[in-house]
Amino acid sequence: MSALALVKWIFALALCYHVGVARGGDDDKAKFHKPRHLQATFDPRTGEMSTIEGIRVVDFEDVLVSNAASVDAVLSASKSSGIYYLTNCGILCRLTGQTGGLEFYNSSLFNDRVRADLSVRADPGNSRGYIEEGGEAGVHKFVERKEGFEYGDDKDAGGKANKWPENAEREKMNLVFEEMQRIKNSLMELVYSDYLGEEVVGGKEGWEGGRNLDLIRLFRYIACADDEDGKSLGSSPHTDWGLLTLILQEAGGVTALQYRDEKMVWRDVPPVRGTIVVNVGDMLELLSNVRHSGPAETLTSPIHRVQHCGDGGGGRLSVVFFAYPDEGLMVPQGVIEKVGVRGEGGAYNTLLDGRERERGATFGSWLEEKWRGVKV
Ligand SMILES: *[C@@H]1O[C@H](CO)[C@@H](O)[C@H](O)[C@H]1NC(C)=O
């Protein structure tokens with residue numbers, strides 16, 4: 001091959017790659033790039049990416065205009081694995097689209113000044129503030145190699161007001177929080193509320209009423225190349241307790257998040273530039289059991305973990321938003337026995353593994369009990 005032909009070939013490859021990933025060159029949309037080692041599939045009709053590593057990819061802007069195929073894609077992913085990627089989700093997707101997009105969190109929160117400042121430490125249980133390394137473990141036999149920071153709606157000055165360190169990037173952090181709530185509310189309104197039944201989820205108040213419970217938990221997973229004792233984990237296996245969880249993973253960061261699929265196999269959820277990850281929570285799964293039955297119809301709250309120790313385990317930054325319903329929303333009666341068994345024996349940390357088995361309890365009372373069980 002001549003030098004000129006080689007250059008042409010490389011150029012053509014680069015062009016194909018770019019066009020394939022960036023949806024026909026539509027510059028405003030789809031800023032993400034697919035690292036070469038990831039397996040992706042594309043929809044032949046639209047040229048859009050439809051899966052990454054077998055996980056569904058959905059264009060959030062299409063959901064916003066109630067595009068039927070996209071709404072279906074969210075629902076079918078929520079029923080099968082309970083996990084999917086969103087692209088074109090505005091500021092949040094832009095933050096994960098650029099290397100260092102989340103670094104402002106790292107530099108302003110995870111430094112020695114904050115670590116030494118006891119006034120910004122999170123109190124045990126449901127509270128906001130800085131969480132030191134090893135300060136928390138969902139399943140107590142594991143050591144979780146991470147430090148964290150937790151914050152919620154900044155307008156809520158109640159008993160759990162935010163504890164801002166002196167140099168925290170408060171405005172940016174609040175903007176991230178508001179964007180997370182925007183996506184939560186849109187997904188609930190445009191996709192889930194119809195499927196669950198308006199009355200089952202308590203109407204708009206049912207999800208928007210959770211705004212004071214909604215929480216961002218930001219974690220810096222500490223690099224740990226070895227895992228001699230098999231006990232070091234980023235996060236032990238668990239399900240999330242609320243409606244939905246939205247996750248920003250650092251662009252170019254290590255793959256550490258894994259979920260357990262229908263065949264009980266752990267599968268990777270790699271960071272993909274310009275995307276966020278969404279997973280279904282326990283409460284949404286419970287609510288889906290009121291109107292629907294059978295595993296093909298109900299939504300799945302996936303068991304997942306963060307595994308970054310062992311081979312080449314690097315540092316990692318993730319921003320996780322837990323979207324909760326109104327605390328007064330009833331945990332639906334009659335479905336607890338059906339779906340609440342996975343946490344038995346302390347194997348997994350789930351909403352329903354608690355001691356509270358009282359019928360007719362509200363989501364808020366279950367959540368209180370869960371928070372009492374997490375060591376800080
Ligand atoms: C965060 O900052 C620390 C200290 O400056 C640095 O070592 C680390 O690589 C940064 N990123 C992550 C993801 O931990």
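Two strands pair if DSSP finds at least two bridges between them. The exercises below apply this to a predicted model.

**Exercise 1. Which residues stand opposite Arg 220 of strand E8 in E7 and E16?**

Step 1. Take E7 (residues 146-152). Seven bridges join E7 to E8, and the two run antiparallel. Glu 147 stands opposite Arg 220 there.

Step 2. Go to E16 (residues 316-323). Seven bridges join E8 to E16, again antiparallel. In E16, the bridge partner of Arg 220 is Leu 317.

Step 3. Check the cover on E8 (residues 215-221). Six of its seven residues are buried, so E8 is largely enclosed by the rest of the structure.

**Exercise 2. Find the residues that surround the ligand, and sort them by type.**

Step 1. List the shell. Asn 106, Phe 110, Arg 220, Gly 315, Arg 316 and Leu 317 surround the ligand.

Step 2. Sort the shell. Two residues are nonpolar, two are polar and two are charged.

**Exercise 3. Which way do the residues of E4 point, and are they buried or exposed?**

Step 1. Apply it to E4 (83-87). Ile 83, Tyr 85 and Thr 87 point one way. Tyr 84 and Leu 86 point the other way. All of them are buried.

Step 2. Look at the partners. Strand E3 (residues 55-59) pairs with E4 in the parallel sense over four bridges. Val 57 stands opposite Tyr 85. Five bridges join E4 to strand E14 (residues 275-280), and these two run antiparallel. In E14, the bridge partner of Tyr 84 is Val 278.

**Exercise 4. Describe the buried and exposed sides of helix H3.**

Step 1. Take its length. H3 (residues 68-79) has twelve residues. From first C-alpha to last it reaches 16 Å, close to the 16 Å expected at 1.5 Å a residue.

Step 2. Find the buried residues. They are Ser 70, Val 71, Ala 73, Val 74, Ala 77 and Ser 78. They cover an arc of only 155° around the axis, which puts them on the same side of H3.

Step 3. Turn to the other side. Ala 68, Ala 69 and Asp 72 are exposed there.

**Exercise 5. What is the strand order of the open four-stranded sheet, and which strands stand at its edges?**

Step 1. Read the order. It is E10-E15-E12-E13, with antiparallel pairing.

Step 2. Find the edges. E10 (235-238) and E13 (266-268) each have a single partner strand, so one side of each is left without a neighbour in the sheet.

Step 3. Neighbouring strands are turned by 20° against each other on average, direction ignored.

Step 4. Zoom in on one pair. E12 (residues 257-260) and E15 (residues 304-306) pair over three bridges. Tyr 259 has His 304 in E15 as its bridge partner.

**Exercise 6. Asn 88 and Met 264 have a positive phi. Is each buried or exposed?**

Step 1. Recall the background. Most residues other than glycine have a negative phi.

Step 2. Take Asn 88. Its phi is about 50°. Asn 88 is found in the loop between E4 and helix H4 (91-95). With 23 C-beta neighbours inside 10 Å, Asn 88 counts as buried; the cut-off is 20 or more.

Step 3. Take Met 264. Its phi is about 65°. Met 264 lies in the loop between E12 and E13. It has 7 other C-beta atoms within 10 Å, so it is exposed; the cut-off is 12 or fewer.

Key
Residues are numbered from 1 along each chain as its sequence is written. This is a predicted model: local features need pLDDT of at least 70, side-chain atom pairs count only at pLDDT 80 or more; totals for chains, interfaces and linings use all residues. Axes are lines fitted to C-alpha atoms, for helices over the stretch in contact, and angles run from 0 to 180 degrees between N-to-C directions. A residue is near a molecule or strand if its C-beta atom, placed from the backbone, lies within 6 Å of it. Ala, Val, Leu, Ile, Met, Phe, Trp, Tyr, Cys and Pro count as nonpolar, Asp, Glu, Lys and Arg as charged, and the others, Gly among them, as polar. The expected span of a helix is 1.5 Å times one less than its number of residues. The arc is that of the directions from the helix axis to the C-beta atoms.
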